[in-house]
Amino acid sequence: MKREFSRRAFLAGAASTGALAALGLAGCSQQGDADQSRTGSSSGTQANPMPEWAQRLNVDIAATLPGNTSEEIDITETKTCDVVVVGAGCSGTNTAVRAAELGLRVILLEKTNTIGGASLKSWAPSAYNSSYAIAAGDETDTNPIIEQWVADSHWRVDAAAIRQLVNSAGEAIDWMSDNGWKFTYLGMGASMTALPDYSERGPLFKAMIEKYVAPTGEVLTNTSAKHLVVSDGGEVTGVVAVDENGAGIQIDAKAVVIATGGYGANADMVRAAFNFAGVFAGLPQNIGEGLEMAWAAGAQKPTNFGGQMLHQTLARATDKLVDEFDDFPAKYPMILTYVANVLNVGSTGARFRNEALVLDAVPSANSSTYQGSYHYVVISQTLMDVLQAEGLAGLGVDYRIGMPPEYKPDFELDTPWENITAVFDKMVEVNAGFKGSTLEELAQAAGMDESIFSHQFEEYEGFCATGSDTQFGKSTKYLNALGEGPYYAIITEENNLCSWGGLLTNTDYEVLDYERIPVPGLYAVGNDAGGNLYNDTYVGFGIGMANTITSGYLCGTKLAEKL
């Protein structure tokens, strides 16, 4: 494609809207000149900047997008600034605050009435060589970590971006600390550093905004960005938004930063891009409109588009049992999803992994979703009798059960599982699991293939008898024969924290087009800009939160250097 095509914006209007729908992108941006962009009117057609391979990428995404870029908006007010940031989560707020701290006039847009986004419910970032880590005696050579990360991603990442993130996260944490944030060093092998108490975070964000952004700029809450302002030459020169009263606002700026948190709450889009229909634990407002605006302005949808931040294993029964039983019994099914000493099978009844993977959250989640949106944890009356008498210790469990803190009940490994049959029968009654007196009955109830499941069961029992798992190599200490029925299948799903990626950026957080050339004036941070960090799976270890904090801090710094 010729260079000038990759620089130009898509036009609003019937002709180009149809073309976008065919390519998997719904909606378009406005014309380049200011008068046309104020009305959203259309004149003429536009060449498609995407190469053929990109046109084939996720062509069924069109129906899932919010469609904001095609709206015609009557502009009633115009504002001017150096930088407009779309989205006031941690990455967007850090961008705005850092840029304003260094002298830029910033307008921060947030479509809800809350500042802080998902960071208000997150836990801890990795922060190698922060002052907190150094004070604890943790000074880390990050080179092996970075090299392993890149190798584990099969080199389909931007190694420079990874190196910048890992080596700058400590600096970003210390910057936030200088601005009133007090973190807690956790270690845990990745210099994990916990955020302050949940109740403190909103006021801390507010204090930074009031100190740096407010004196020269603005924060507009309950204000939704709708599309980018793009010149005829393809330069992003602002954004059009609508306030809570429906009034249109055009904000002209030297740079626009997309920080909208991804599209994890857009279930149709996640399903189309990732073929996944699990549980979403992020924010309901993260539906992908920031990505749509950038795509419409010529931004690349990278080849690894679709990745999700899968992290925690959940039992569908949990929410349905908490009103029926005390906290510990209500969590029986979910606890077993974190135990290596039982059998895991997919929807067909075939075993799909070494169950010891459940001891590490990211491998557990990724191995599960590779074979579908859910799997089954199989338990038998024989094992239930052991649990009722001796607790998990009776199964040989001698390790920490790695459940999320908000789900984990207070119990010891040798605590007897009282009333266990009533709990699992209730799980079946509320359609969160299945029961069968025989293997065949369980397979029929759960929709598994009877022959596949029966053969797998017999094979697994043989591994337990010999102490040698020739299928997946599970350690002998985790092999427990299921024995006699009845049998239960716990419906087990993976928790999606958020999407990552969707835009490709360089180390200056400039958004790249399909020739990997920066789209002038367009930047992205946080989850929207994770496409250069991972191949097809999230690496874990607090990197998501580290990227959120650090990308905002660095982007604000780099904007001040450029503008």
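**Patches, salt bridges and a buried helix**

Trainee: Which residues form the negative surface patch?
Mentor: This is a predicted model, where local features need pLDDT of at least 70, side-chain atom pairs count only at pLDDT 80 or more, and totals for chains, interfaces and linings use all residues. Residues are numbered from 1 along each chain as its sequence is written, and side-chain values use heavy atoms, with hydrogens and water left out. A patch takes residues with over 30% relative accessible area and no salt bridge, with like charges joined within 9 Å and nonpolar side chains (Val, Leu, Ile, Met, Phe, Trp, Tyr) within 5 Å. The negative patch consists of Glu440, Glu441, Asp449, Glu450 and Glu458.

Trainee: Which helices each supply at least two residues of the negative patch?
Mentor: Helices (H or I, at least four residues) and strands (E, at least two) are DSSP runs, numbered from the N terminus. Glu440, for one, lies in helix H18. The two helices are H18 (439–446) and H19 (450–466).

Trainee: Why does Glu440 count as partly exposed?
Mentor: Buried means under 20% relative accessible area, exposed means over 50%, and partly exposed is in between (1.4 Å probe, protein chains only). Glu440 counts as partly exposed because its relative accessibility is 36%.

Trainee: What accessible area does the nonpolar patch have?
Mentor: Areas come from the Shrake-Rupley method with a 1.4 Å probe; for residues, only the protein chains shown count as cover. The members are Trp123, Leu186, Met188 and Tyr198. Tyr198 lies in helix H9 (residues 198–213) and is partly exposed at 47% relative accessibility. Together the four have about 440 Å².

Trainee: Where does Cys81 lie, and is Cys81 buried or exposed?
Mentor: Cys81 lies in strand E1 (residues 75–86). Beyond its neighbours within four places in sequence, Cys81 is in contact (heavy atoms within 4.5 Å) with Arg105, Ile107, Ile251, Asp252, Ala253 and Lys254. With a relative accessible area of 6%, Cys81 is buried.

Trainee: Why is helix H15 largely enclosed by the rest of the structure?
Mentor: Cover for its buried residues includes strand E10 (308–315), strand E12 (374–380) and strand E14 (487–499). Among those buried residues are Val362, Ala365 and Thr369. H15 (residues 361–370) is largely enclosed because the buried count is seven of its ten residues.

Trainee: How far apart are N and O in the salt bridge of Arg271 and Asp268?
Mentor: A salt bridge is a side-chain nitrogen of Lys or Arg within 4 Å of a carboxyl oxygen of Asp or Glu. Both residues lie in helix H10 (residues 267–274), three residues apart, about one turn of the helix. An α-helix has 3.6 residues a turn, so residues three or four places apart point the same way. For Arg271 and Asp268, N to O is 3.1 Å.

Trainee: How many residues apart are Arg316 and Glu493?
Mentor: Arg316 forms a salt bridge with Glu493, and their closest N and O atoms are 2.8 Å apart. The pair links distant parts of the chain: Arg316 is in the loop between E10 and helix H12 (318–321), and Glu493 is in strand E14. Arg316 is partly exposed at 33% relative accessibility, whereas Glu493 is buried at 10%.

Trainee: Which residues do salt bridges that share partners join into one network with Arg351?
Mentor: Arg351 forms a salt bridge with Asp469, the closest N and O atoms being 2.7 Å apart. Arg351 is buried at 4% relative accessible area, and Asp469 is buried at 6%. Shared partners join Arg351 into one network with Glu355, Asp469 and Lys474.

How values were computed. Lys and Arg count as positive and Asp and Glu as negative; His and the chain ends are not counted. The place of a charge is taken as NZ of Lys, CZ of Arg, CG of Asp or CD of Glu.
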